[in-house]
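The following report describes selected features of one structure, with the cut-offs behind each term.

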Amino acid sequence: MRGTSVAGILLNMGPNTISSVFDLHGESYALDSACSGGLMAVANAVHALRSGRTRIALAGGAQLVVTPDLLVGLCRIGAISRSGRCLPFGADADGFVLGEGAGMLVLRPLSDALAAGDRVYAVIRGVGTANDGTVQGGMHPQAAGQLRALRRAYRDAGLAPGEVGYLEAHGTGTTVGDPVELSVLRELRGEDAAPAYLGAVKAVVGHSLNSAGLAGLIKSVLAVQRGVIPPQPEFGLAEPPVLDAARLTVPTAPVAWPRDGRPRRAGVSAFGFGGTGVHLVVEEHTERPAVLPAPSGGPYVLTLSARDRAGLARYARDLAGALAADRPAPAAVADTLARRAPLAERLTVEVRDTDEAVARLIGAAEALEAGRVPGPAGEAAAPAGERVPPCTLPPSPLAPRRHWIVDESARETAGPDPEPAPATPVAEPEGARSGVPDAATVVLEEVSRTGVYPLSDLHEGQTLVADLGFDSLMLHELDTRIANRVPGFRTEEMFSPDLTISRLIALVDPDHGVPRPPRPEADPPAAAPQWSAETADVDEFPEVGKLEQLLGSIADTGAAFPYFRVHEGTIRDTTVIGGRPYLSFGSYNYLGLSGHPAVNEAVHRAVDRYGTSVSASRVLSGERDLTVRLERALTEFLGVGDCLTLVSGHATNVTAIGHLLGPGDLVLHDALAHDSILQGCALSGAARRPFAHNDVRQLEHLLRLNRSRFRRVLIAVEGAYSMDGDLVDLPAVIELKKRYGALLMVDEAHSIGTVGERGRGVGEFFGVDRRDVDLWMGTLSKAFASCGGYLGGSQRMVRWLRHTLPGFVYSVGLTPPNAAAALAATELIAAEPERVGALRRNSELFVGLAAAAGLATGSSAHTPIVPCILGDSARTLRVADGLYARGVIADPIFHPAVEEGLSRLRFFVTSEHREEDVRRAVAALAEEVASAGS
C-alpha cells in the first residue's frame, strides 16, 4: 500500500472527487446502507431539495469488486447462486449473482427543470425510509420494517399503493429475502388493488449491492418515460398463489404500459443488509417544456468525440441506432452533441435529416473501423443562442483500461511446457483416516435436517433450545440421527437447555481440532464384533430404568398412584372405583352418549347380526353396511365431500401423515400437537418444525423461509388442544395455507361434537368453507362414544385414500359394535343439539368459577377442557390425591407431556354434569390448591 492508496479506500473521496471535477460547492458526502445505499442517496437528495438546502443534486451509487473478500464471504453464507443465475421470486432460486456498476441521477425541483428546458425523465412523487429495528442477524429481513418504508412512501406521495402500474422489487433471488418481500407487497396492496407488473433488475445485471437500488430506479424511470414495461427472463415462479393474491404479474416479454387515463407510475424498493429499506414512487411527467421553433432546412452539424478511435467508431454506430429508433429532431441532436465536453478523437457529420444522419454515421463508423479517416474532424459548432431542449442520446463510450496486481509479463510462460511433475498423493481428510465422519460436518448437517435450517444460518455458538427452537422430540431425533452416522455416540447432555452446537461437536468427537496420529502402515486384525448387553435385552434398556425411577418417585410421595385405576361400569358424570362413587372429570364422554340406551341398543343389534369383528380388511371381505352408513352420516355431519373411518384415532394421524408426505417434504405443527402427529412425521421421513402454540406469526415466518425449499408443506393443527383447552385460530391458518400453497390438516379429536352451535367442530365455530381444509381428522372415541378415527375431505382425495392408505388397506375394518355405536351417536348429536348447549354452559360455569377462585386456567375457552396449572409436579400430585380422597377425579399431567414447570390437573367437563357438581369440584379444587402451598 502506498500513501496515495488512502484516497482510494476512503468512501468520502468518491463524491468529493466529483465535487472537485465539476467545481461543486454544496454538501458532498458518502453513505453506506449496503444494498439500499444508492436509493438512500436519492432519498437524502430529495429531502435536501425539499428543505431548500440545494437547488440541484447529484445522487448515485457505485459498486466495484476489486478484491475477492466480499465474494468469498457471500459464498460462505449461502447468498451466492450456485447455478450462476439470479432468479428473483423463482422456484429454483438459490441466491444472487454478484454484479458491479455505477449509476447517477440529476435531481432538481420540477419548476426549475421546466424553466431551464431540461429533459424530465420522471418525477419522484414519494420517498419512504425505515429500518427493521431489532432483528435476528442482519441477513434476516423483517416484513414489518419493509412495510413501514413502503407505506411511508405512498403516504408521502399522496397515493394508494394500488395506483402504481409497475413495482421494481429488491428481488435478490434468495429463499430468505424473496418470500418476505412478496408477503409485504401482498399486504401492502390488499385485495382491491388494480393489477400491476412486478420485476427485479437483478435477474439481468446481478446484484450490485450499493448501486443495486440505482439500477432498479433507472430501469423504472426509463420504463415510465418510454411507456414500456421491460421483461424478466423466463423461469418458473416459486409462489404463484401469492402473486395472484397481490394481483401482480411478472412479464416475460416487453409490455406496452396500459393506459387508464392516469400518469404512469412505478414503485422502486431497495433493502439493505442490516435492515435499512427505501422505497420511491416515480411518476411520468406529462407536462412538456416549451419547445422553441427549431431552425428549419439545415444543414446540421453533428459533432462526436471519444477517448480513442475505436470508441469513436462505437459511438457513431450507437448514435445511428438511437436516431433510427427514436427519430429525434436533427436540430435537437446537433444542439445536444454540441454542448458535450470534447474529447481527444473527434468526428463531424453534416446532415439535413434523420435518415441522412443515420446513413452518414454508419459510413463513418465503417471507415474508422477500416482504419480510414472519414473526413475532416473540424471543430464543434457553437450551440445556438436560444437553447433547444436536449434529447436523450448515447454517451461517448469509455476507453477500457486494464489494471493487474501481477505484472502481465509474469503471466506469460517462457519456453516449452515443463515436464509434468511426479504425481503427489492427496492427503486423506481426518475423517477418512479415523473411519469417523468429521464431527462438525455431521453435527451441522443433522441440526440442519432436524431443525429445518439452511446450513448458512447455523453457527457453533447457537444453543439448540433457546436459539434454534428444538423441543425434546427434536432433540431425541437429532440424537438418533447423529448415532446413525457415528456408531457408539451417546450423551446425557443432549437434553440440556444450554447445549450449543460447538459443545455437541465436542461430544461427538472429543478430539475435534486435535491432530490425529498417522495411521499405521498395516491395519491391525479386525476384532470380533462387540455390542453392549443392554442393546440385546429390552429389560436392560436405559429407558426402562428411567421409567422405574419415575414410578418410584411417585410412590415416594405417599400419594395414591393416579394411573391405571380400574373403573366399574360406565363413566359419565360419575364413576365407581373399588365400590366407591366418584365425581368424574377424567373421561372423554363429553355428551354422555357412551352408555346411552339408544347407543347400547344399536350395539346389541349389531353384535347379533354381524358378530364382534368384520374379520378382514374392508378392501376384501370386511365391508359392512353399518360402516358405509356411518361414513355417509359423518360426511353429512361435517359438510365435506366424503369420509373414511379407521380402527384407531392415533393410527389415523400416523398413517395419514406417513402416506401424504415423504422425505422431500416438511410438516409445520403446533408445539402442542398430539403424539400421533409427531409419529406420523417420523413415519413419513419428512422434516418437521414446531411453531409456538397458536403463534400464527411464527408459522408465517417458517412458511416464508421454507415453503420454496420443499415439495409439499403440511400445516398440522388441532381444533381444540387437549392440554390447554383452547382453539386453533383457524381463519388465520387457512389464510396462510392459501398464501403459501401449503396443505392443511385439522385434528378435531376434542373439538368435534363439543365445539360449534351444533357440535360440528371448529369449522362450524369459525364459519369457514370446509373445502379450505385439505384433511379433517377426528376420533370416534370421545363425543361419538365409540373407538376409531376418521378422515374427511374431497371425494377425489378420499377415494384415493380408500384404495392406497396403508393403515386402512392393510388393517381390519371397524368392528360392528364400534361402527354401530358411532353411527347412533352421530344421529343423536344431530337430533339433540341441546346436549352441546348443556356442555357449553357447564364449561363456561367451570371456567368462571375457577377464575373467581383465583385458579390458573391458562387460555382455556370455548372447549370442555379446563386445565388448572400448578407448575410443580409434586404439588400437582398432592392436589390430585387430595381431590381423589374427597371423591373427585381429575388427572394429573406431568413432564414430558407438558413442559417442566407447567404441570397441571386437567378437567374434562361433560353435558351430564349438574351445576352443583361443577360448583363442588371447583370449591374442592381451590381448597386443595391452597392447602398444597406453592
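Patches are built from residues with over 30% relative accessible area and no salt bridge, where like charges are joined within 9 Å and nonpolar side chains (Val, Leu, Ile, Met, Phe, Trp, Tyr) within 5 Å; a salt bridge is a side-chain nitrogen of Lys or Arg within 4 Å of a carboxyl oxygen of Asp or Glu, and accessible areas follow the Shrake-Rupley method with a 1.4 Å probe, with only the protein chains shown counting as cover for residues. The model is predicted, so local features need pLDDT of at least 70 and side-chain atom pairs count only at pLDDT 80 or more, while totals for chains, interfaces and linings use all residues. Residues are numbered from 1 along each chain as its sequence is written, and side-chain values use heavy atoms, leaving out hydrogens and water.

Val 21, Phe 22, Leu 24, Ile 56, Leu 58, Met 104 and Val 106 make a nonpolar surface patch of about 680 Å². Helices (H or I, at least four residues) and strands (E, at least two) are DSSP runs numbered from the N terminus; α2 (13-22) and β2 (101-107) each give two or more residues to this patch, whereas Leu 24 sits in the loop between α2 and α3.

Two residues can be set side by side by accessibility (buried is under 20% relative accessible area, exposed over 50%, partly exposed in between, with a 1.4 Å probe and protein chains only).

| Residue | Relative accessibility | Class |
|---|---|---|
| Leu 24 | 40% | partly exposed |
| Asn 842 | 9% | buried |

Asn 842 belongs to helix α29 (residues 834-852).
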